Amino acid sequence: MRYLPLNNNDRKAMLDVVGVASVDDLFVDVPKSAIIDGLIDVPTHKTEAEVDAYLTAMAAKSRAAGAGPFFIGGGAYRHHIPATVDHLIQRSEFLTAYTPYQPEISQGTLQVLFEFQTQVAQLTGMEVANASMYDGSTACAEAALMACRVVRKRSKVKIASGLHPHYTATTENQCRLQGITLDIADCAPGKDAEILDGLDKDVAAIIVQSPNVFGEILDLEPYAEAAHAVGALLIAVFTEPVAFGAIKSPGEMGADIVVGEGQSIGVGLNFGGPYVGLFACKQKLVRQMPGRVCGETVDANGERGYVLTLSTREQHIRREKATSNICTNSGLCTVAFSIHMTLLGEAGLRKLAMINHEKACILTDKLTAIDGVELVTDTFFNEFTLRLPKNASDVVGDMVEQGVLGGLHASRLMDDQDDLLIVCATETNTDADMDAFVLALEGALS
Amino acid sequence: MSMNTQGRQTSPDAVTGFGHKTISGNRGLAQAEKLIFEIGTPRRSGVDFPALKGVKSRLGGLERTAEIGLPGLTEPETMRHYVRLSQKNYAIDMGVYPLGSCTMKHNPRLNEKVARLPGFADVHPLQPRGTVQGALELMGELSDWICTLTGMPAVALSPKAGAHGELCGMMAIRAAHDAKGDDHKRRVLVPESAHGTNPATAVQCGFTIDSIPANNRGRVDMDALKAKLGDDVAGIMLTNPNTCGLFESDIIEIADLIHGVGGYFYCDGANFTALVGRVRPGDLGIDAMHLNLHKTFSTPHGGGGPGSGPTVLSDALAPFAPVPYVVKEQDKWKLVEEIDGTDSFGRMTAFHGQMGMFVRALSYMLSHGADGLKQATEDAVLNANYVQASLSEDMSPAFGGICMHEALFNDDFLKGTGVETLDFAKAMIDEGYHPMTMYFPLVVKGAMLIEPTESESKAELDRFIDVMRGLAKRAKSGDADYFKAAPIYAPLRRLDETRAARKPVLRWRKEPPA
Ligand SMILES: Cc1ncc(COP(=O)(O)O)c(C=O)c1O
């Protein structure tokens, strides 16, 4: 077996040192009834070439996003990732290291985390960020829990109508078991502001997404003001970090905690995972923050270095009193995010964002020129929502037949919005892709 | 000297340095590297874009006008920055990484290759199901392998890591009790030796924790366990093999006892690497168990993640499994996302779990097959026992006897030397090794948990053993200063953790805060 360095002579010699006759004697503590003699019922080993061929054939049964016109967003976005990113994250020293618990021989990972935390803080307009959560949805759930720790004696969280429904579901599931009440608005476009009705002093936090799941951009300032007026926190959520190269950050508009999905930068679609949850907040809240965080210090010679810090919040020290149970986080995806962000830089990020916005503007004009197709979202970044004169799910299916992955029917995510189609355009879409989309939609609607 | 709650020294004592300062701050191959914020500028970029067309903005007047504060680098500068940083890390590919409980086995590169196939990597989680049949098939096939290897009827693929898998299992247990109206069942038994994620998870699910002590053999104290049983017990969270690296030999009786009071058995499967192909947890009476694909099935740890924590469930808990999950209907793979009309406790993440890790893990399973998996397990257990036996005279095994995949030592052999576990670990760094897990499990004083994995050759282990013996002898010879000064040959000397925590500096700033 190509991965196993021991041979039978080694094994024999080692068993002698241990002082047992056979390897079976090493399993003496296992109840006899539970020992498997012989082989378990799965196929035997395969060569590298065989596995490669087998999985390549399996992969070919999926239609890759890049194989044709592709316009799906809804919480995961297809962007071009520079080749440098994937090369660097495959370096052994990043790929095959564990969590940097021994800082003297983990400064590579630690410095990248410190840079990552700063990049996330700058991008979101917040003071501090942690070293990542699993993804945007679990970051959102953790933010709700954190808000209820910060705003003592309150256990109600309100969710606006534009939060991604999968984020809502994830958050609700985690909060419910801890006795936190969620007040969840039905998911619908143009109704986020209704969250401000009846905001009272029971509320620990309001959760608002911008750009929201329909693509609408919200001015978060009135939300922050209203929340703060009743002593509650504003948790701002995003799923498309590239947007912050074009629109004001939630921090600039008064958010207390900002959480979202970082997948767009450096990570790729991956059929939903691994992704990277971004988590940022105000400095004064940091001791209630979940997850790992890296901080600056000095070594015994006074040289600057980095360590994981504030671990008295975490499960390995605090156990049942920890702020979260998270241990392994998104590690290598934070490295990918950070490298991609460094390659972009501020100028590159702004340009990337404007190209995305332009593509979306051009595509909206083309699609709304089709009879009966109406734009639902007046403001948007790279994702927008259309109302179709037909069931959107049927239309999506029809377009697949024409080779076009033409957006996301809202009914995949929510009830009662059967005629809404959520469409995303990024820098990866060409003019030809857009023309194919227009033709396919016309075809599906005719 | 200050300590954190694990009893680790957190600030360096006065030590003698090298004194040999270079002009550049570099030390030969070890290059000093500043932060991107100190070397990059906002205008520089390593990505080229086409020109903008200049359309009218529809951003609703919310344009970002103020400076964002993100430095950029060109591609060659970026390459150097990260390559230099990478060289300050230790890694499995460099040497023995015997971090107990973390299973730092070799990460095959075939797995990296297949995970990047466009049909797995470049597919969107919300693509129409008909266009992602290959991806769904992979999830289905992985599920079959996992169910067969564990002997369990169902698996939830959603969990994003081990701790998330614990959450999945404990949420299913909570849902099962809630479904029966058993809202008095809120106490969860957790051995003192458990990983911190276990108690943290139980509390996140609205349970209270009741600790059970270990006996002098490092296993659950059965009398203590029996004394804690009662009608309010929701279940137990037990790691097997446990965090001392020992098989819980009474496990079947424990399962019966827990079931006897109407509770469920959550097994922490972080150490499944010791059992694959030889023992099926399903034969031991468990109800739920997460696997760490990033341990047992070799998906890379990546400096702290991402992981993947598929969670197997018994017939009693399977109906409560989270969405989404895959099912095969007449040659077509379906992804079930709806919970209406089911007992599913719902959704625990936005999408379908860690697809990238699923591909790598299945590639590992296919490569090994039934014979290779069994051999890998046996080699992992043999390597650990070889290390334990070889070091039993110079160091002090915590329990002795046969261990499973990891060998646990206490700090008795350092008594009176002035050298502590932390110092010993730092001296290993100078020898070119990553230290073992220290001060975990908490039930063993000054614990040193060594997990060699099946990836080490005998020759490599022999060198490691020689070094460990040499260090133990040196400690006993009274040379404590040597250990207190370590590491000398790492990119940095010991770091001041107390300072980092007291005045946290968690980000770069242009001006240091007043
Ligand atoms: C025994 C044990 N349980 C649970 C976990 C948590 O797993 P993860 O880090 O993947 O969340 C770990 C690993 O860190 C572990 O060693």
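**View 1. The interface of chain B and chain A in the predicted model.** On the side of chain B, 212 residues are in contact with 203 residues of chain A. Between them the two chains bury about 17700 Å², and 62% of this area lies on carbon and sulfur atoms. Arg58(B), Arg64(B) and Leu506(B) together supply 5% of the area that chain B buries against chain A, which is more than any other three residues contribute.

**View 2. Polar contacts and salt bridges across the interface of chain B and chain A.** The rule finds 15 salt bridges across this interface, and one of them joins the side chains of Asp86(A) and Arg116(B), with a distance of 2.8 Å from N to O. Between chain B and chain A, 111 residue pairs are in polar contact, counting pairs in which both residues have pLDDT 80 or more. Helix α10 of chain B (residues 355-391) provides 25 residues, the largest share of the side of chain B that touches chain A. Sorted by class, that side of chain B comprises 103 nonpolar, 60 polar and 49 charged residues.

**View 3. Helix α2 of chain A against helix α5 of chain B.** The axes of α2(A), residues 48-59, and α5(B), residues 133-150, come within 7 Å and cross at roughly 130 degrees. Because of this angle, α2(A) is classed as oblique to α5(B). From α2(A), the residues Tyr54(A), Leu55(A) and Met58(A) meet Gly134(B), Glu137(B), Leu138(B) and Glu141(B) of α5(B). By class, the contact of α2(A) with α5(B) is made up of four nonpolar residues, one polar residue and two charged residues.

**View 4. A salt bridge within chain B, between Arg44(B) and Glu77(B).** Over all chains the count comes to 49 salt bridges by this rule. In the pair shown here, the closest N and O atoms of Arg44(B) and Glu77(B) are 2.5 Å apart. The pair links distant parts of the chain, with Arg44(B) in the loop between α1 (36-39) and α2 (75-86) of chain B and Glu77(B) in helix α2 of chain B, 33 residues apart.

**View 5. Two cis peptide bonds, one ending at Pro211(A) and the other at Pro441(B).** Most residues other than glycine have a negative phi, and most peptide bonds are trans. In chain A, Ser210(A) and Pro211(A) are joined by a cis peptide bond with omega of about -10 degrees, and Pro211(A) is placed in the loop between β4 (203-209) and α8 (221-229). In chain B, the peptide bond from Phe440(B) to Pro441(B) is likewise cis, with omega near 0 degrees, and Pro441(B) lies in the loop between β12 (437-438) and β13 (448-450).

**View 6. The backbone at Phe271(A), a residue other than glycine with a positive phi.** The phi value of Phe271(A) is near 55 degrees. Phe271(A) belongs to the loop between β6 (257-261) and β7 (277-281) of chain A.

Note on methods:
Residues numbered from 1 in each chain as written. Chains lettered and ligands numbered in written order. Predicted model: local features only at pLDDT ≥ 70, side-chain atom pairs only at ≥ 80, totals over all residues. Heavy atoms only, no water. Contact = heavy atoms within 4.5 Å. Buried area = accessible area lost by both parts, 1.4 Å probe. Salt bridge = Lys/Arg side-chain N within 4 Å of Asp/Glu carboxyl O. Polar contact = N/O pair within 3.5 Å; in protein donor to acceptor, adjacent residues only side chain to side chain. Helix = DSSP H or I, 4+ residues; strand = E, 2+ residues; numbered from the N terminus. Nonpolar A, V, L, I, M, F, W, Y, C, P; charged D, E, K, R; others polar. Axes fitted to C-alpha atoms, helices over the stretch in contact; angles between N-to-C directions. Parallel < 35°, antiparallel > 145°, perpendicular 65-115°, else oblique.
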